[in-house]
Each structure stands twice: as structure tokens, then as C-alpha cells.
Amino acid sequence: MTTPGQSSQLAASSRTASGTRAWLTQPPGRGEDSRLKRALIHLVLIITTIIVVFPVIRVFSTSLRPGQNILNPSLAIIPEGATLDAYWRVLTETNLLNWIFNSLIVTVGAATLGLIIAATSAYGFSRYKFRGRNSGLTFLFATQLIPGIMLLVPIFIIYVQIGLVNSYQGLVFAYSVTAVPFSIWILKGYYDTIPYDLEEAAKIDGCTEFQAFYRVLLPLSLPALAIVFLLNFLAAWGEFFMARVLVGGREELLTWTLGIQRFQAQFQTQWADLSAASILVSIPIVLLFVYISKYLVSGLTLGGIKG
């Protein structure tokens, strides 16, 4: 019969022996290769981050330069004689806030409308078997091969006939329609990963088809819905050509992509004001990324996995 102290010693000896056997059976150089691999990965990530962040830092630095030093080749992040005059000018002497407000109305409306259409359409493609289902998915995918600029002329002709030129609604509809096909593919792939048994159980408990979709499937699909909303938002936020044609005729409807053209004249460009405006219009995107960052990995990966 062993005492508690002897049992502890035996357990410790067993763990030591197991660790020794694992060390002896480990392939030579495996630990060094793993550390080298991690070091190379971190090096690549650091270099990539520097490449991505450097232009943003340069734009921020330019926005702080006084007028006489605007073309100074110095690489200092905080330039000599740094000032916030450019930010004050674009906020008080231009319609930047109105341009950002217009962009928010259009992008939020387009992202929301596109998400609603895509979420319901993807549900039909994922849960129902009908004639032409595969052909429909292929057609939706094929539409992504058509450059968006090619849709501008037919959309404009239709809008002239129905009176949607120079309106928020026209721009929202145009942005949401162009974003729907890709959104359907993302959500359809994500829906396929969710067992249909959950919806059947909800129907047994008395839910209708719509209630099972709304109360069971949508909450489980929140990561994918967040990613689709983000992608739709980004596509509409930075779009220029369609906005230029559809709402460029009304000053009060200009989005920020159209408004900042005011800082560029034929023979002169207000670089400090343009840089300050560029920093300010990036704030909503940064806040949106921070808010839904927890959904980024799962939303982008699980949408491409089936079963």
C-alpha cells in the first residue's frame, strides 16, 4: 500500500519519463524549424504592415504641414511647424460634414437593402431544391465578371425614365443591386454549414417557415451577415463613377468622393486640405471595422466551408 507522498512521487516520475520519451522521439531540428517559421511569418507581417500603414502616415503628415512646407520632402511624421489649420478649414469652410452625411445615408441604406435581399435569396438557394437552382447560382457568379462601370449606362437610362436621377433612392438601389450576387454566394455557403435539423425542430415547436428563418438561422449566421454588411458598405463608401453620374448634378446630394474634388483645381491642388479630408472620411470605416472585428475571421472562413 502506497502513502499519499509516495503516490505524488510516482506521478511526478511518470510525468518526467513521459516528457523524456517525447523529447527523445521528437524529430531533430523540429523546434528550431518551428521557431524559424514563426520568425519569418512575423517578419513578413511586419513588412506588410509597414507597407500598408506608410501611405496613411504620409497623408496624416501632409495634413499637418503649413502652407509654405507642403512640398517639403521630410519624412517626419510630425512635420516642422505642424498645425491643425487644414482640419479647421475643411470642417468650417467646406461642406465636408454634409458630404460624409450623404455618404453615410447612401452606404448604410445600400448595405442594409443589399443584406436583406441577399439573406432571403440565399436562404432559398440553400434550403430548397428547385429547377434551375444551379443555373441561377452560376448566373449570379457570372455577373461578377461584368465590370460595374458597364452597368452605368443602362442604369442611367432606366433612372431617367422613372425619375430616380439626382436622388438618394437611385444611388441606394444601384449600389445594393450590384452587391447582391456576391453577397448571396457568401451567405448561401454559410447557411449550408448550419444543420437544417435546427429549423425543423423550431417548426415542430410551432414556428412558421419565416419564424424559423428569423429566430434560428439568422442569429446563427450573424458573423456572415456582419461580413456581408461590411463588404457592401465598403463597396458603396468609396464608389465614385456611379455617384458622379447619378447625383453629380445636385450639390446638396454630393458624397465625399465627389466633394473632395473641390480641393483640386485645374492648376492647383490644396494638398493639406485634401489630406485632412481623407483622414476624416476614413474615421467611419475604422469605427465600423473595430465594431465588427470579432466577426471577421469566422465570417470570412465559414462561408467557404460546406458540411
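The second largest pocket has a volume of about 160 Å³. A pocket here is an open set of points on a 1 Å grid over the protein atoms alone, with protein on both sides within 12 Å along at least five of seven lines; a volume is the space filled by probe spheres (1.4 Å probe) set on the points, which are joined across faces, edges and corners. The model is predicted, with local features needing pLDDT of at least 70 and side-chain atom pairs pLDDT 80 or more, while totals for chains, interfaces and linings use all residues. Residues are numbered from 1 along each chain as its sequence is written, and side-chain values use heavy atoms, without hydrogens and water.

**Second largest pocket**
- Its lining (residues with an atom within 4 Å of a point) has 13 residues, and Gly67, Ile70, Arg89, Trp271 and Ala272 are the closest to the centre.
- Two or more lining residues come from each of α3 (85-92) and α13 (271-281); helices are DSSP runs of H or I, at least four residues, numbered from the N terminus.
- α13 gives the largest share, three residues.
- The lining divides into four nonpolar, five polar and four charged residues; Ala, Val, Leu, Ile, Met, Phe, Trp, Tyr, Cys and Pro count as nonpolar, Asp, Glu, Lys and Arg as charged, and the others, Gly among them, as polar.

**Largest pocket**
- The volume of the largest pocket is about 710 Å³.
- It is lined by 31 residues, of which Leu151, Ala174, Val177, Thr178 and Ala179 lie closest to its centre.
- At least two lining residues each come from α4 (96-127), α5 (133-143), α6 (152-162), α7 (168-191), α10 (222-237) and α11 (241-246).
- α7 supplies the largest share, nine residues.
- By class, this lining has 24 nonpolar, six polar and one charged residues.
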